[in-house]
Amino acid sequence: MMRALPFLNRNPLVSVIRLDGLIVAGQRGLNNAGTGAMIERAFTRGKPKAVALVINSPGGSPSQSSLIAARIRRLSEEKNIPVTAFVEDAAASGGYWLACAADDIIVDENSIVGSIGVISASFGLQEFIARFGVERRVHTAGESKSFLDPFQPEKAEDVARLKDLQEQIHGNFIAHVQTRRGDKLDKETRLFTGDVWVGRKAVEVGLADEVGHLVPVMKRRYGDKTKFAVHGPRRSLLRRLGISAGAEVVAGLEERALWARYGL
């Protein structure tokens, strides 16, 4: 009898994509440019049976969230590979946008999910500069170029314009969640107010599918011999050497503040 060839008996492979931190354009955090290569590798290297997204993010840029999620959906459909999201501390705001790129969402008992809304924060510094005798000089071509200038008194028309922009983005976020989650969403619960839910409650309202963890869930689905290949973003040389610029310190404070909104 012919013996089975070794390459025909490969153990099932699950590619794991880690999506950690603030979602923001630039060198720091999660963004389309920085995650693109690792997402492509996860879907193409080693013929995976499934892709698992391990998400731990308080959110950030709507555009970057949308771009990353769109890449995941495109590859999932092209390669016919199912995607499952596993939430650690949080998949909030843009982090939940990423989670909805998966076919199902698994949470820990203590995971925070949701925050389906849009927020904008700034400062009013006009009195501060006036106190120190600083004169603000702004010259524009186009009446909206100084929109929401923090060194000028807030204008009602600027706030109304900002609200309009936020509503458009919020509408896109809601449409994405409704498209991906469909009839799983509890129609009796107001899910799009920016509120969050924890663990089993998130499952009850349809924002997640079950409580569980990566390894046991995937081994239950694909067998005890399932192997895992973890894919993460490649850090720059400066970050690998532990060299941090001042901009990274500021960005770190911003991220810390965003996590603090969820008590984390």
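In which helix does Arg 71 lie? I looked it up and found Arg 71 in helix α2, where helices (H or I, at least four residues) and strands (E, at least two) are DSSP runs numbered from the N terminus.

**Entry 1: ground rules.** I noted that this is a predicted model, in which local features need pLDDT of at least 70 and side-chain atom pairs count only at pLDDT 80 or more, while totals for chains, interfaces and linings use all residues. Residues are numbered from 1 along each chain as its sequence is written, and side-chain values use heavy atoms, with hydrogens and water left out.

**Entry 2: the chain as a whole.** I counted nine helices and eight strands in the chain. Of its 264 residues, 38% are buried, a word I use for under 20% relative accessible area, with exposed meaning over 50% and partly exposed in between (1.4 Å probe, protein chains only). The chain exposes about 15600 Å², and carbon and sulfur atoms supply 53% of that area, computed by the Shrake-Rupley method with a 1.4 Å probe, where for residues only the protein chains shown count as cover. I then turned to contacts, meaning heavy atoms within 4.5 Å: among those between residues at least 6 apart in sequence, 73% join residues at least 24 apart.

Entry 3: Setting aside residues up to four places away in sequence, Arg 71 touches Asn 32, Gly 36, Ile 39 and Glu 40. Of these I followed up Asn 32, which is 39 residues from Arg 71 in sequence, with the two C-alpha atoms 8.4 Å apart in space.

Just beyond the helix, Asn 80 takes a positive phi of about 55 degrees.

**Entry 4: salt bridges.** How many salt bridges does a search of the whole structure find? The search returns 16, each being a side-chain nitrogen of Lys or Arg within 4 Å of a carboxyl oxygen of Asp or Glu. As background, I reminded myself that side chains of opposite charge can pair when their charged atoms come close.

Within α2 (residues 62-79), Arg 73 and Glu 77 stand four residues apart, about one turn of the helix, and they form a salt bridge whose closest N and O atoms are 3.6 Å apart. I found Arg 73 buried at 12% relative accessible area, whereas Glu 77 counts as exposed at 58%.

Asp 103 and Arg 180 also meet in a salt bridge, at 3.6 Å from N to O. This pair links distant parts of the chain, 77 residues apart, with Asp 103 in the loop between α3 (94-99) and β4 (104-107) and Arg 180 in helix α5 (residues 156-181). Both ends are partly exposed, Asp 103 at 34% and Arg 180 at 23%.

For Asp 104 and Arg 221 the closest N and O atoms are 2.6 Å apart. Because Asp 104 lies in strand β4 and Arg 221 in helix α7 (residues 214-222), their pairing ties together parts that are 117 residues apart in sequence. Asp 104 is buried at 13%, while Arg 221 is partly exposed at 33%. I also noted that salt bridges with shared partners join Glu 40, Arg 71, Arg 74 and Glu 78 into one network.

**Entry 5: helix α7.** In α7 I found Leu 214, Val 217 and Met 218 buried. Seen down the helix axis, the buried residues of α7 fall within an arc of 90 degrees, so they line one face, the arc being that of the directions from the axis to the C-beta atoms. The face turned away from the buried side carries exposed Pro 216 and Arg 220. Among the elements covering the buried residues are β1 (13-20), β2 (50-57) and β3 (83-92). After α7 comes Gly 223, with a positive phi near 110 degrees.
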